[in-house]
Amino acid sequence: MAKIVAVVTTAKDEVGGGAPIFIQPDPERMKKTAFLLEKLLDAAAHELNETVYLIVDRHPENG
Amino acid sequence: MIVHWIHAHRDLAVVLLGTSFGLGARLLMLRADYRQYPAYPHGMIAHLALGLIAGALGSVAVPALYHNNYTAITFLSLAAQQFREVRNMERNSLEAIDRTELVSRGPAYIEGVAVVFEGRNYLAIFAALATTLTAFAAGWWAGIAAGLVSLGVVSRFMRGKSVSHIAKVEEAPIRLEGPNVYVGEVYMMNVGLEEDRDVIRSRGIGILLTPKNGNGRVTIANMGQRQAILYDASVRLGVYRDDGEPALVPLAKLNLETGQLAVLVLPRERDASKAVRAIENVPLLEGAIRLPTVANRRSAEGG
């Protein structure tokens, strides 16, 4: 199953829970952080909506 | 001189004839799979050596039987055991290589290739057996003729079906709506980063496979078959991706309503007609072929 390994957002009230959350001041910074996290974690960045990006790991060996 | 030698050593000469036809059959079949494996000289030598052994085993059994040595047939069972090992060997080495591929073959494809390699050795035995048997029973020319016929049979057997037999393959437009990527009407995936979207927009080719009947629909829905399509397309066209770029992965998704399969590939060489041809030529995996219409008809007839 795919796993959310990080959440990047500009609206901190919209998110919460287990994965690390990166709160960013503006959309530009949010996109940049999502880009970096995608490369760092080898996990795909997905745009949930304008204010939330999910970093999702699909490697089967990571469960 | 040669004729004299052949008459003096009839058994040996016949065995040699059979062996060479067996090896010839294996050689003929080795040429067909340049695309899959093995592409390098040592892999080829391993298979030619096994082909030679297969040919020798097939042809040696015949003179032994002619001299009332019936236990010689157990020899062939030894061969069968040996070639089952070939299948394991192929599977293991392909699985090891698969982990280093940017686009993997997938277990179903590997199993298909391994089974084919085992089967081809049996076909080499068969060609050698047929040649030697006929040469013994009806003379030289008949033996050579039987060898040629068996080469023909073997090359017919070897030619499996391809995707073009079960589905119509055509290009389909790629559409991006915000982060969502569509091929034709089929939703493919959500791509978060603008950079990745640009790559997909400029590099991607969308292909739509429309199954020709119910059997084809089930076959292209098979995950192993889909991975084989992606792998072959990536091999033939190159692949625009790297490790650590999970968004740029070639993808195949079904349209559940129509049974169509939408494929998104990111080739090095952006040529849609080549991509269509590459996918048309993807072999149908033995493990993926389903014939539900035949099975239903049979069970209806059976009562």
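**Where the chains meet**

Guide: Across the interface of chain A and chain B, the rule finds 6 residue pairs in polar contact, both residues at pLDDT 80 or more. Polar contact here is a pair of N or O atoms within 3.5 Å; within protein, one must be able to donate a hydrogen and the other to accept it, and residues adjacent in sequence count only if both atoms are side-chain atoms. Keep in mind that this is a predicted model, where local features need pLDDT of at least 70, side-chain atom pairs count only at pLDDT 80 or more, and totals for chains, interfaces and linings use all residues, while side-chain values use heavy atoms, without hydrogens and water. Residues are numbered from 1 along each chain as its sequence is written, and chains are lettered from A and ligands numbered from 1 in the order in which they are written.

Visitor: Which parts of chain A touch chain B?

Guide: Helix H1 (27–41) and strand E3 (44–49) of chain A each supply at least two residues of that side; helices (H or I, at least four residues) and strands (E, at least two) are DSSP runs, numbered from the N terminus. H1 of chain A gives the most, with 5 residues.

Visitor: And how many salt bridges cross the interface?

Guide: The rule finds 2 between chain A and chain B, a salt bridge being a side-chain nitrogen of Lys or Arg within 4 Å of a carboxyl oxygen of Asp or Glu. B:Arg197 pairs up with A:Glu47 this way, the closest N and O atoms being 2.4 Å apart.

Visitor: How much area is buried between chain A and chain B?

Guide: About 960 Å², with carbon and sulfur atoms giving 51%. Buried area is the accessible area (1.4 Å probe) that two parts lose on being put together, summed over both. In chain A, A:Glu38, A:Asp42 and A:Glu47 lose the most to chain B, together 44% of what that side buries.

Visitor: Switching topic: is B:Asn215 buried or exposed?

Guide: B:Asn215 counts as buried because its relative accessible area is 12%, and buried means under 20%, exposed over 50%, partly exposed in between (1.4 Å probe, protein chains only). B:Asn215 sits in helix H9 (residues 214–221) of chain B.

Visitor: What is B:Asn215 in contact with?

Guide: Leaving aside neighbours within four places in sequence, B:Asn215 is in contact (heavy atoms within 4.5 Å) with B:Arg290, B:Leu291, B:Pro292 and B:Thr293. The side chains of B:Asn215 and B:Thr293 are joined by a polar contact of 2.9 Å.

Visitor: Last one: where is B:Val153?

Guide: In helix H6 of chain B. With a relative accessible area of 32%, B:Val153 is partly exposed.
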